[in-house]
Amino acid sequence: MKYRRLGASNLEVSVISLGSWLTYGSGVEAERSRACVERAFERGVNFIDTANVYGRGAAETFLGEALSGRPRGSYVLATKLFFPMSATDRGLSRAQVLKQIDASLARLKTDYVDLYQCHRYDPDTPLEETMAALSEVVRAGKARYIGFSEWSPEQIAAALAIPGVERFVSSQPQYSLLHRAPERAVFPLCAANGVSQIVWSPLAQGVLTGKYLPGARPPGDSRAASERMGHSMGDLLRPAVLAAVQDLRPLAQAAGCSLSQFALAWVLREPNVASAIVGASRPEQVDDNAAAADLDLDPALFRQAEEIVARVADG
């Protein structure tokens with residue numbers, strides 16, 4: 001495993017991190033979920049990402065149990081807030097920030113998180129109020145650093161311009177060979193201001209593993225075949241997208257790696273990316289993903305891959 005500094009923080013995070021969206025605490029049975037977490041640590045993963053809304057607290061509760069036997073300083077733990085936790089609890093107001101951090105810490109069975117992230121931007125709360133509240137959380141020792149997910153360049157710049165508050169060290173955008181939009185403005189702005197990327201869906205919800213074939217039914221144990229987990233895949237399952245992904249196979253074969261590893265190595269070629277968040281429902285998936293950290297591939301292969309998917313990629 002390799003590690004990179006997370007923005008202007010003193011956190012060193014594994015370039016492959018373990019996520020818990022749609023999986024732990026809800027989509028994957030507890031025994032298999034725990035096996036995935038154990039395997040991740042065995043492979044050198046030290047960074048775990050979750051959010052209060054995943055399973056409405058279920059993912060945090062699961063991780064609180066799964067991590068309880070480990071020294072707290074041996075891993076980097078991140079969570080998020082914004083999305084509704086009840087009919088009245090949502091957003092980034094001061095009241096919500098202070099309420100939700102305490103609720104997350106209780107579920108996670110810890111005194112602090114290393115990274116507390118705004119899951120989205122809250123247009124209904126003054127940005128100054130949100131940043132002041134996040135700063136309170138950090139200065140109270142309940143979070144070491146703060147970050148955001150899917151903010152626009154204008155929103156990021158506005159937050160960075162506020163004086164006297166804690167500064168963001170991380171951005172969590174969707175980013176993959178099939179979704180390159182953040183490269184245009186978010187990456188340069190963040191790189192210039194000590195903010196690293198922790199990218200989600202680097203395998204495009206499993207599509208870049210190559211397991212979905214054009215014209216074929218999804219494998220029975222896959223996300224796309226799940227009524228609960230496959231609803232968000234949308235255009236990723238278009239035949240043109242699936243055909244383009246299959247055209248990437250010879251490049252992965254030339255590189256001597258799996259298609260998943262190739263796609264992750266492509267994401268990690270970007271120096272502003274500190275870590276790629278991957279989900280796993282089986283320990284073998286953790287093994288395959290973690291191995292991508294050690295790859296050093298010919299940039300010419302990446303350029304060929306970009307050309308192949310250019311007609312179907314978003315952004």
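Student: Great, what kind of unit do E5, helix H3 and E6 make?
Tutor: E5, helix H3 (residues 94-108) and E6 make a right-handed β-α-β unit. Right-handed means that, with the strands pointing away from the viewer, the path from the first strand over the helix to the second runs clockwise. Helices (H or I, at least four residues) and strands (E, at least two) are DSSP runs, numbered from the N terminus. Bear in mind that this is a predicted model: local features need pLDDT of at least 70, side-chain atom pairs count only at pLDDT 80 or more, and totals for chains, interfaces and linings use all residues. Residues are numbered from 1 along each chain as its sequence is written, and side-chain values use heavy atoms, with hydrogens and water left out.

Student: How many bridges join E5 to E6?
Tutor: Strand E5 (residues 76-81) is joined to E6 by 4 bridges, and the two run parallel. Two strands pair if DSSP finds at least two bridges between them. Within this pair, lysine 80 stands opposite glutamine 117 in E6.

Student: And is E6 enclosed or open?
Tutor: Strand E6 (residues 113-118) is largely enclosed by the rest of the structure, because 6 of its 6 residues are buried. Buried means under 20% relative accessible area, exposed over 50%, and partly exposed in between, with a 1.4 Å probe and protein chains only.

Student: What about E6 and strand E7, how many bridges there?
Tutor: There are 5 bridges between E6 and strand E7 (residues 143-148), which run parallel. Leucine 115 stands opposite tyrosine 145 in E7. With helix H4 (residues 127-139), E6 and E7 make a right-handed β-α-β unit.

Student: Now the helices. At what angle do the axes of H3 and H4 cross?
Tutor: Their axes cross at roughly 30° and come within 8 Å. Axes are lines fitted to C-alpha atoms, for helices over the stretch in contact, and angles run from 0 to 180 degrees between N-to-C directions. H3 and H4 are therefore roughly parallel to each other. For such labels, angles under 35 degrees count as roughly parallel, over 145 as roughly antiparallel, 65 to 115 as roughly perpendicular and the rest as oblique.

Student: Which residues make the contact?
Tutor: On H3 they are Arg94, Val97, Leu98 and Ile101, and on H4 they are Glu129, Ala133, Leu134, Glu136 and Val137. Contact means heavy atoms within 4.5 Å.

Student: How about helix H2 and H3, what angle do their axes make?
Tutor: The axes of helix H2 (residues 58-66) and H3 cross at roughly 45° and come within 7 Å. H2 and H3 are therefore oblique to each other. Glu60, Thr61, Leu63 and Gly64 of H2 make the contact with Ser104, Arg107 and Leu108 of H3.

Student: Back to the strands: what joins E7 to strand E8?
Tutor: 3 bridges join E7 to strand E8 (residues 168-171), and the pair runs parallel. The chain crosses from E7 through helix H5 (residues 153-160) to E8 in a right-handed β-α-β crossover.

Student: And how many bridges join E8 to strand E9?
Tutor: E8 and strand E9 (residues 196-199) are joined by 2 bridges and run parallel. The chain passes from E8 through helix H6 (residues 186-191) to E9, and this β-α-β crossover is right-handed.

Student: Switching to loops, where is serine 176, and is it buried or exposed?
Tutor: Serine 176 sits in the loop between E8 and H6. It counts as buried, at 1% relative accessibility. Leaving aside residues up to four places away in sequence, serine 176 touches Ser201, Pro202, Ala204, Leu208, Trp266 and Val267.

Student: Ser201 is on that list, so what is phi of serine 201?
Tutor: Phi of serine 201 is near 55°, a positive value in a residue other than glycine. Serine 201 lies in the loop between E9 and H7 and counts as buried at 10% relative accessibility.

Student: And what about phi of glutamate 150?
Tutor: Glutamate 150 has a positive phi of about 60° although it is not a glycine. Glutamate 150 is in the loop between E7 and H5 and is partly exposed, with a relative accessible area of 33%.
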